[in-house]
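Student: Can we go through a few local features of this one? I'd like to start with the backbone.

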Amino acid sequence: MIKNILTRKTIFRLSTLWIIVIVLILFEDQIFKSDFSLLSASIVFAILLSTILTASFGVVKEADELAHKLGEPFGTLILTLSIVTIEVVLIAAVMLGPAESPTIGKDSIFSVMMIIMNLVVGLCILLGGIKYKEQEYNAQGTLAYFSMIVILGATSMLLPNFIQGAGNGAFTRVQALFISTLIIVVYIAFVRYQLKGYNHLYIQPAIGQLEIEYPKEKKLSRNKKHEDKTSNKNEIWIRSILLILMILPIVLLSHHMAVVVDYGIATAKLPLALSGILIAIIVFTPESITAVKAALNNEFQRSINLCHGAFVSTVGLTIPAVLIVGLLQGKLVLFGLTNTEMILFIMTLLLSLISFLGKRTTPILGIIHLALFAIYIMLVFNP
């Protein structure tokens, strides 16, 4: 069993990651404490990016294996929480870096929304539709995701623009504490019901069924199959340890990445929003590939769980983390969206609701989501 888990590829990946981490930490003063040249910054950035992406793919691999062992929605939630943990660490690293980045949390979360809910969802719908014409999913669970996006996303990123707060779109200390607590409570409640009692809302329904009815007590024995899948506890423990060992290099290198990214954006005079977009791309590329693969395997509910679940977890975990870090470190945190971002936020939400109220996907919906993402990218460089 251990040989099947600790394959040569896994051992090589893990060894390479930790060798790079150790070398960068040992020579940190020489590499990161002196002034960068364009060449040295590019080389360091390439090394950091490839290392973090390699670690991210390792995280996805182990989390994906755990997903199949534990079943839905447990497995997908593990993958999502692993990825979002990486994002929170990267954002915190940028906040605690030398440069002031009051909007890094907002930029990252908004970038995740546009990438996940337009680019990735659009690709899933389009490619899955090309292969299977129409794909079905569990509509009730999908609407539950949208409800969370409305309450958490709008409260944290739309509301600051229309309240007095601390001025300029910042929450007061009391507001930050209250909203952080509220988001944590609502998110925990959502996850609790998602895992226990209402997990049938996040399972792929049978062809033509479109939904799964609430299981009656006498039917709960169907979970026996799930219990059989989780009987091998040793494998689950080993993969969980590997998952942590894959995440740690990203955590340890996140601050270094933030330093190089700040230098690159300032030197090239690029839009500041690119910092948040880069974090979103680094973090969610592996999960995005997994979501597209699920759509191509006609497991569209898993694509939804990965995409919409990722954004819900991003908001549910990142916003409290950023607000708390800001309060503890005395950092200015701005979550209010710009006017352009507010329009894109509302367009994305309305388009997503329209796309998933029909209970079946069609390729044209994917093209429309991709068009909205293209508009977003154009406005980043040409506002």
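Student: Is Asn298 buried, partly exposed or exposed?
Tutor: In this predicted model, Asn298 is partly exposed, with a relative accessible area of 34%.

Student: Where does Asn298 lie?
Tutor: In the loop between helix H11 (273-296) and helix H12 (300-329). Asn298 has a positive phi of about 60°, although it is not a glycine.

Student: Why point that out?
Tutor: Because most residues other than glycine have a negative phi.

Student: Switching to helix packing. At what angle do H8 and H12 pack?
Tutor: Helix H8 (residues 173-195) packs with H12 at an angle of about 150°, and their axes are 9 Å apart.

Student: Roughly parallel or roughly antiparallel, then?
Tutor: H8 and H12 are roughly antiparallel to each other, because angles over 145 degrees count as such.

Student: Left-handed or right-handed crossing?
Tutor: H8 passes H12 in a left-handed crossing.

Student: Last topic, the surface. Which residues make the nonpolar patch?
Tutor: Ile19, Ile22, Val23, Leu26 and Phe27 make a nonpolar surface patch of about 490 Å².

Student: Which helix is Ile19 in?
Tutor: Ile19 belongs to helix H2 (residues 8-26). Ile19 is exposed, with a relative accessible area of 53%.

Terms used: Residues are numbered from 1 along each chain as its sequence is written. This is a predicted model: local features need pLDDT of at least 70, side-chain atom pairs count only at pLDDT 80 or more; totals for chains, interfaces and linings use all residues. Side-chain values use heavy atoms; hydrogens and water are left out. Helices (H or I, at least four residues) and strands (E, at least two) are DSSP runs, numbered from the N terminus. Buried means under 20% relative accessible area, exposed over 50%, partly exposed in between (1.4 Å probe, protein chains only). Patches are made of residues with over 30% relative accessible area and no salt bridge: like charges are joined within 9 Å, nonpolar side chains (Val, Leu, Ile, Met, Phe, Trp, Tyr) within 5 Å. Accessible areas come from the Shrake-Rupley method with a 1.4 Å probe; for residues, only the protein chains shown count as cover. A salt bridge is a side-chain nitrogen of Lys or Arg within 4 Å of a carboxyl oxygen of Asp or Glu. Axes are lines fitted to C-alpha atoms, for helices over the stretch in contact, and angles run from 0 to 180 degrees between N-to-C directions. Angles under 35 degrees count as roughly parallel, over 145 as roughly antiparallel, 65 to 115 as roughly perpendicular and the rest as oblique. A crossing is left-handed if the near helix is turned anticlockwise from the far one by less than a right angle, and right-handed if clockwise.
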